[in-house]
Amino acid sequence: MNNFIFWRNWQASYKFLYLLSLIILLISTISYGYFYMLGSEAVISWVWDGELEIVKTVLDRFSKNFFEFTVEADSYLLIETFKPTGIQINFEAHYLYLIVLCIGINIILTSISDLRTIWYSLALALLAILWGTMSFELLRIFKNIHDKLFLILVIGTFSITSFIFHSFVKGVNYLVRFFIYTFFTVIFAYLINEFAEIEQPFLHLSTYSIAVPIVISILFIVLNAHEFLRVFVYIATNPSLNHGYQGWRRFLFITLLYLANLIYVYLHLTKNINLDIYFVSPFVLFIGTAYFGIWGFKQRENQYKDFFDFQPTGAFLYIGMAIVTMASITFAFANDNNPLIEVYEDSIMYSHLGFGISFLLFVFGNFKDIMMAGKPVYKILYVPKNIDFMYSLFIGLLIMGALVFNNNFFTYKQAFAGYFNGLGDLHIALKDNYLGKQYYNLATGFDPRNHRSFYSLGTLAMEENNEAAAQVFFEEAISKNPSPFAYAQLAEIQLNDRDFLRAIITLQKGIEQCPNSGELYNNLALLVNNKNMLPDSVLVYFDQSRKLSKYPELAESNSFSLWTKYDIYSSLDSIYQDWTPKPYVGTRSNELAFLNAFEKEASQPLNLSYLEDSVLGTPELCYIYNYALNQRMAGDTTVIRKLKEFAQVQENFQFLEFLNFALANIYYYQGEFGSALELMTNIYKSSSRTNSHYANMLGMWLLEMEDYQSAANYFGIAVRRGKEEAKLNYAIALSELPNKEKAIEIWKELRAEKPEEYGLISSDMLNYLVPDSINSLNLFAENTSDLIKYRYLHYNQANINNEDFDKIYKQIKNNDIRVIIGSERIHTYLDEQDEANAGIYLQKITAEELNDQIMSYFQLSFLRYVHFQGKTDNEFLEKVETTNFGKPQTGLKAFYKASYYAQQGDIEKAGEFFENAIKEHPFKTDFYLHAADFFKKTQQPEKAYKALLKGVENNDLNADLLKAYIFTSIEMRYYDFAKVALEEQLQFLVSEEEYQAFLPLYEKKLKEIESQLEEWDL
């Protein structure tokens, strides 16, 4: 153990410094392993690029006048692809490398002062070259004096101090020396940070500093190249580990296995062989040699004791070189500098092969007999009998040289390519893309197929929208070192060119070359799924992505696009029966879209952990939006609160219409129709991009609420703005209006435009609507159905006389249908202010059999009739309280109560109920007109004006409201408001005839108010 922990008996300061050096080496090794495992992901990462796929969601189904209507909205599947970034300069890696490099160099400086003069001079010269190549003059610290003054100060300070320790003040404690060098380093770093006139000065230094560390690293690698064989000798000949006299066979077997691995690695990396077998990477072997060498270098002391002692000079020289080497290789990994990585890889591979073979010869040439005798050869390994160790070094170098020569000195060229790649990164970091490209191009001249240079050039070309050049660069990038990032970039370019087949082939090749890339599997699955090709293959691709990707949640989320499209699963339970999804908001959002598509309610409550940030991203928006549509019937107060909160955040402005649309649907299906209609109207008015959809939705709601004029207005807008599916609804709504001319026109257009789809229904409706259809329909025939009779009467209420109506009415056999059509007749006459005829038909339906299902029709007709008569007494109020008001009668209960309290003289309650009625149904014209009339009669003109103003704002397509508003504005002396409403709104809302007919009334009202004002002045 004392031999293992050889520093145990050192003095405390030396022990402290050595242990500190070991800790730094260990930390560097951990970083080495981390960046080695990362590979290209050290500087290239996957970003998630999402797009939305619309899933039609049925919100409601309802019947109206024997037509079936389906209310639909869009749910959204979040489809996310993996997109690679460009080269991301690893600033932290640069700074950490520079710090560790300085520590390693300072440890080397600390130890070289005790070398013999010639070796000291060579070592110091090498370090001086390092400082010279760091290009301190570029920092322009003392540019007004001399641009190389700072470099002279650095070299002079360290060299003179080192020379003093070497020649004049010998024996200074190593810890003191190290802290002095560290002090100088900190001072120079401070000067650079404070006075350098260029951006990122330390980035410059780390980039320009790599040349000499490459040399030191290669020397260190060569120095330890035989360490595994030394360890094999120890294992094979140590009596405590072995018994008998077979140590030489064990050594030979292990060594040949080790060399076979190296030969296979060499053949594999040179593309001469590619057997699918496991091998140990040279970079893994290097870690072993670096740490084994700590003790191996001590054991070799008799080989170099004429130049320096191991304790402490050799120990610190070794650990300093180890730190520099580990930092240099880690730096290459951290920047994914392929040419430089291959320089180190070749150095390790060539040196291990060369010195492995030479050391094998050295061992058997010197110790075969001793080893066969079972003696512990490891104790005398560096005291050769026949062949000097220098011969082993010579043979090893000779084999290395042969391998380098066989490679046309390509490793040497790659060192330059790696250096220029670093300079390219530096200038890209400084936003100088032009120089960056020049250096990358220089790098490709030295290493014509290196991934790093061509990928960098490809991403720069993409930034410049030069996809043709980018494609060439990415193809070169994968020619030698294929990466999933370059394949993904290539596929994206081909997709942009709409070359889907080539994109699919590219991704398939990428998977063939990078079989563990779950990201490529995900992108391929989405592309194949999008082209409706081979759903079984898509399922396999998603499954592979889920298993292989570092972000399996994307594949899990995206899978719902396949399951929704092909209706593969019936429930979430069947989807997750074999696996559990990772928590991810995209998956939860897509689950909801899947459930919405098949009209199923989610069982899980809203997960607030996905919505903690007040600013929404697209996944979070989709989640709460899809959830709101799914739970629209449940009345979840939490989702209402969150929707309102997000809508108030300014940064969510781009998502405001989606938040409000979801909220409006919850209001509507929870019975808060006024809030729903008002909110949907605001969305429609503020969204010129998609308002045909919102206009159609408003039309559907108003149609269900039997506000046919408003519904027709919004359906008409939807049609004019390109929503073709709204045209049928438009025709149906127009058919409900007294004037059928426009309805007939639209039905004829539908029949002509889409005869197969709408021909039959259009012909039927035209038979009902045209004036002479009473004979063609055979309404008096016994075999004519009640439905045909009902529809004829329903659509001709305004233009059929009582005699003809009664004839058909009596022919209807179904009692319920007679009550319904009779009730409609009452409402028609009340609309025409014909109390007498309304009363006749009220008596008719009173005589019918009124069951529970049909009673509400009678009650509503009766209440309206009594209200029309003005008999809003206590009995009327009682009936209002007991009547079942449906969705089409929204606000009517409050309206009747307002009328009751108005008659009772309770102005405050009447006003309150009028306002409630308007709030509950902001599209009901009568509510505004009666409310305004009430406020005027009770000397509250300002409230009358505000009621009509609100009516115009909520329902700016209603001419009656607009006319009432104009008159009231004149009465309030708001002449300018009245004029604007007349000339900028009413003129474009009504026909020219109607507008010209209104103008005299407007002028008359204006003169009337002006004359009143003149009389008051007198």
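Q: What covers the buried residues of helix H5?
A: The cover includes helix H1 (12-38), helix H2 (91-112), helix H4 (149-167), helix H6 (201-208) and helix H12 (310-334). Contact means that heavy atoms lie within 4.5 Å. Helices here are DSSP runs of H or I with at least four residues, strands are runs of E with at least two, and both are numbered from the N terminus.

Q: What kind of model is this, and how are its residues numbered?
A: It is a predicted model, in which local features need pLDDT of at least 70 and side-chain atom pairs count only at pLDDT 80 or more, while totals for chains, interfaces and linings use all residues. Residues are numbered from 1 along each chain as its sequence is written, and side-chain values use heavy atoms, with hydrogens and water left out.

Q: Which residues of H5 are called buried, and what makes them so?
A: Buried means under 20% relative accessible area, exposed means over 50%, and partly exposed is in between, with a 1.4 Å probe and protein chains only. In H5 the buried residues are Tyr174, Leu175, Arg177, Phe178, Tyr181, Thr185, Phe188 and Ile192.

Q: How do you know where on the helix the buried residues of H5 lie?
A: Looking down the axis of H5, the buried residues fall within an arc of 155°, so they line one face. The arc is taken from the directions that run from the helix axis to the C-beta atoms. On the other side of H5, Phe183 and Val186 are exposed. An α-helix has 3.6 residues a turn, so residues three or four places apart point the same way.

Q: Which residue caps the N-terminal end of helix H27?
A: Asp636 does, with a side-chain oxygen 2.9 Å from the backbone nitrogen of Thr638.

Q: How do you know which way the buried side of H27 faces?
A: The buried residues of H27 are Val639, Ile640, Lys642, Leu643 and Phe646. Seen down the axis of H27, these residues fall within an arc of 165°, so they line one face of the helix. Their cover includes H26 and helix H28 (656-669). Thr637 and Gln648 are exposed on the face turned away from the buried side of H27.

Q: Why are strands E1 and E2 called a pair?
A: Two strands pair if DSSP finds at least two bridges between them. E1 (residues 46-64) and E2 (residues 67-84) are joined by 18 bridges and run antiparallel, so they pair. Lys64 has Phe67 in E2 as its bridge partner. The hairpin has 2 residues between the strands, and Asn65 there takes a positive phi near 55°.

Q: How many disulfides are counted?
A: The count is 0 disulfides, where a disulfide is a pair of cysteine sulfur atoms within 2.5 Å.

Q: Is Cys514 buried or exposed, and why?
A: Cys514 is buried because its relative accessibility is 10%. Cys102, at 26%, is partly exposed.

Q: What stands out about phi at Lys431 and Glu599?
A: Most residues other than glycine have a negative phi, and most peptide bonds are trans. Phi of Lys431 is near 65° and positive, and phi of Glu599 is near 55°, also positive. Lys431 is exposed at 73%, while Glu599 is partly exposed at 44%.

Q: What is the peptide bond from Gln311 to Pro312, cis or trans?
A: This bond is cis, with omega near 0°. Pro312 is found in H12.

Key:
A polar contact is a pair of N or O atoms within 3.5 Å; within protein, one must be able to donate a hydrogen and the other to accept it, and residues adjacent in sequence count only if both atoms are side-chain atoms.
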